Amino acid sequence: MPDVDDLKEAKNYCADIPQKNQPFFLKGSGALDWGMQNRLARIFNPESGRTVMLAIDHGYFQGPTTGLERVDLTILPLVPYADTLMLTRGILRTVIPASTPKSIVLRVSGGTSILKELSNEDIVVDIEDAVRLNVCAMAVQVFIGGEFESQSIINMTNTVNAGTRYGLPTLAVTAVGKDMARDARYFRLATRICAELGAHYIKTYYVEHGFETVCASCPVPIVMAGGKKLPELDALTMASKALQEGAAGVDMGRNIFQSEAPTAMIQAVRAVVHKNEPPAKAFDLYQTLKKQAKA
């Protein structure tokens, strides 16, 4: 116990200085509990307010897709350049070192494969397992307009409810079916529904026309999904446009790990996200790093 005999009376109360409460930097997150905010601050860089998420969860319905055949060989070298990893608990437990300082966004919905109707998902991870794995958020696919739309929405709201009890944020991932229009009207609908029902941030696709209205009408942060593989300059240009139009970061997978030089590409993406580098300059960085790696 402290020695109470020599206890000195405190005098430095600074009574003339009001206590300051620093507002939380992330859109729509000011009323969240400390634990929620702390986890979100590990996903989003507090200095830039943005995030570079590396999505490697494709195997949960696609199997060993190109670039993810050996996660230990192709993905681990990229981890130092990501702010957060989005993956499944199987890959997290078997491949990702527990010593990593990177935040984890855990895929918790699933149950179907590319051979069946993808919207027929359920929650496949208990909240207790997410807590055991010390993740910073849980990701749930939401199929607005899909055959199992209602079930996917309920999956998300159940995850929000469970996560709130433990201080774990929920990421809603908007999915687009083959017959759905990829336009701003659809994404305004999908993202707003997810936000209204409690998602703490949302991953959605970029559209050339009206993406700024998608971001403006959504009261929580939007992270741009990378989507299908594009030429490197096109992917960097898309990311830059999304950020300038209101996105709070990117969640890229194939445009990084299927690149000719994945390590160079993720560093170029990072320059666009956190340093506001123009796409052309970021592409020059990509080419320089690519040449250095081959030397």
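Before I turn to the helices, let me say that axes here are lines fitted to C-alpha atoms, for helices over the stretch in contact, with angles running from 0 to 180 degrees between N-to-C directions, and that helices (H or I, at least four residues) and strands (E, at least two) are DSSP runs numbered from the N terminus. The model is a predicted one, in which local features need pLDDT of at least 70 and side-chain atom pairs count only at pLDDT 80 or more, while totals for chains, interfaces and linings use all residues. Residues are numbered from 1 along each chain as its sequence is written, and side-chain values use heavy atoms, leaving out hydrogens and water.

The axes of helix α11, residues 262-275, and helix α12, residues 279-294, come within 8 Å and cross at roughly 155°. That makes α11 roughly antiparallel to α12, the term for angles over 145 degrees. On the α11 side the contact, meaning heavy atoms within 4.5 Å, involves Ala 264, Met 265, Gln 267, Ala 268, Ala 271 and Val 272, which meet Ala 282, Leu 285, Tyr 286, Leu 289 and Lys 290 in α12.

Now to the strands. Strand β8, residues 201-205, has five of its five residues buried, so β8 is largely enclosed by the rest of the structure; buried means under 20% relative accessible area, with a 1.4 Å probe and protein chains only. Tyr 201, Lys 203 and Tyr 205 cover one side, and Ile 202 and Thr 204 the other.

Which strands flank β8 in the pairing? Strand β7, residues 170-174, runs parallel to β8 and is joined to β8 by three bridges, with Ile 202 as the bridge partner of Ala 172. β8 also pairs in the parallel sense with strand β9, residues 222-225, over four bridges, and there Met 224 is the bridge partner of Thr 204.

Terms used. Parallel < 35°, antiparallel > 145°, perpendicular 65-115°, else oblique. Buried < 20%, exposed > 50% of the residue type's maximum accessible area, 1.4 Å probe, protein only. Pairing = 2+ DSSP bridges.
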